[in-house]
Amino acid sequence: METRTSLSEEASVSGAGENDALSLSHEQWRARLEAWGEPRFRADQICQWIYGRRVFDYHEMSNLSKALRERLCGEVLMTLPIQIQERDSSDGTRKFLWQMADGARVESVLLDHGGHRTACISTQVGCPLKCAFCATGALGFTRNLTVGEILGQFLMMERRCPDRGGQEGINNIVFMGMGEPLLNEDNVLEAIRRLNHPKMRNLGARHITISTSGIVPGIEDLADFEIPIRLSVSLHAPSDELRSKLMPVNRKYPLTKLVEALRFYRKRTGERITIEYVLIDGVNDNPQLAYEMAALLDGLEPYVNLIPYNPAPDGPAEFRRSDDRRIKAFCAALTALHIEFEVRRERGADILAACGQLAARVKSHV
Ligand code: SAH
Ligand code: SF4
């Protein structure tokens, strides 16, 4: 494990909106440039620099006139997160701590599976939902991230990826960092539109995943979202009683409502849903609960992702990861029920980058 601290040169200046380059859609770029008397293809060129080549300095955009570059510098601010810290895990996982223009800090994680890279991105500063097992929830909520702040995390990490035999860049993005993506739905969906746009990042819909704690109206919206991204739902318990204890959001959107929304989503999109289930020793890892989960999700054909609980520094002292014997017993029940599943291999735990450990601290804990 290695700790590096650096204040990068790309200082950020302002927040969001139509003067923030990363918040602009392709159409907004085109309208802006046409209003300046530029040809239509200028927007393509600029988006190619930013999203294709990760060049964020207008002066380096060599196919633009000097006058245009200067005008862009003055009128469309390139606001990027400032990198405060990078920590590298022995397993190749890298965790980045960013500071936004107002001082807010979030983390993102870059996972590397043999050259196949996944970016885990934050959507909020903290999280208002206070799940009992989550370090982000313990922080409380400060604010939503802007479209540009969401994209900025991705682009800054992608710029750091080495080019390995043409396999440049990041392959997947998962909205599983700090915050609840569907409580910042507009900005998250706008960021996804930019990532997916053929003239912007052109990242395939199948390579984009939103993870939600079960925000029912957001799931219903996703069923009609024009980009067929993947959906993961954090279930963690098959009964309202237990789920409400672990995830207070269950009181607002109880299981009947959540499952109804999932059935609607499945019917509307035809897509399989991934169910995330954190395994906490003696709390929710009784194999009987696997049977209850199967009954609850009957007909949905879910794909279950089991996540052995990752302890966080300020997490509840009574929570422990299920031991291998209990994990095996839970898996055996799922197998007997013909539910497809995998146990998510822990990544980056030595740098507190695993699921549920993100808390935007600068200090090293290891
Ligand atoms: N807010 C969203 C996405 C961010 S959390 C959500 O809750 O789905 C990403 C995943 O990490 C969720 O499945 C969450 O339940 C899980 N998680 C949170 N804390 C964890 C912990 N301590 N150990 C293992 N997984 C955890
Ligand atoms: Fe928020 Fe997700 Fe953490 Fe729950 S698990 S507190 S919803 S980030």
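Colleague: Which residues are around ligand 2?
Modeller: Keeping in mind that this is a predicted model, the residues around ligand 2 are C127, L129, K130, C131, C134, G137, G179 and S213.

Colleague: And how many of that shell are nonpolar, polar or charged?
Modeller: Sorted by class, the shell around ligand 2 holds 4 nonpolar, 3 polar and 1 charged residues.

Colleague: Changing topic to the helices, at what angle do α7 and α10 pack?
Modeller: Helix α7, which covers residues 216-223, packs against helix α10, residues 255-269, at an angle of about 5°, and their axes are 9 Å apart. Angles under 35 degrees count as roughly parallel, and therefore α7 is described as roughly parallel to α10.

Colleague: Which residues in α7 and α10 meet there?
Modeller: From α7 the residues are V216, I219, E220, L222 and A223, and they meet K257, L258, A261, L262, F264, Y265, R268 and T269 in α10. By class, this contact of α7 with α10 is made up of 9 nonpolar, 1 polar and 3 charged residues.

Colleague: Which way do β4 and β5 run, parallel or antiparallel?
Modeller: Strand β4, residues 105-113, and β5 run antiparallel and are joined by 5 bridges, with L110 standing opposite A119 in β5. The two strands form a hairpin that has 2 residues between them, and G114 in the turn has a positive phi of about 60°.

Colleague: And in what sense does β5 pair with β8?
Modeller: Strand β8, residues 172-175, pairs with β5 in the parallel sense over 3 bridges, and here C120 stands opposite V174 in β8.

Colleague: How many bridges are there between β9 and β10?
Modeller: Strand β9, residues 208-212, pairs with β10 in the parallel sense over 4 bridges, and I210 stands opposite L231 in β10. Strand β10, residues 230-234, is mostly covered, with 4 of its 5 residues buried.

Colleague: Does N284 count as buried or exposed, and why?
Modeller: Buried means under 20% relative accessible area, and because its relative accessibility is 0%, N284 counts as buried.

Colleague: So what is N284 in contact with, beyond its neighbours within four places in sequence?
Modeller: Leaving those neighbours aside, N284 is in contact with H236, L242, L246, Y277, V278, L279, L289 and F330. By contrast, the C-alpha atoms of N284 and W36, which are 248 residues apart along the chain, are separated by 60 Å.

Conventions. Residues numbered from 1 in each chain as written. Chains lettered and ligands numbered in written order. Predicted model: local features only at pLDDT ≥ 70, side-chain atom pairs only at ≥ 80, totals over all residues. Heavy atoms only, no water. Near = heavy atom within 4 Å. Nonpolar A, V, L, I, M, F, W, Y, C, P; charged D, E, K, R; others polar. Axes fitted to C-alpha atoms, helices over the stretch in contact; angles between N-to-C directions. Parallel < 35°, antiparallel > 145°, perpendicular 65-115°, else oblique. Contact = heavy atoms within 4.5 Å. Pairing = 2+ DSSP bridges. Buried < 20%, exposed > 50% of the residue type's maximum accessible area, 1.4 Å probe, protein only.
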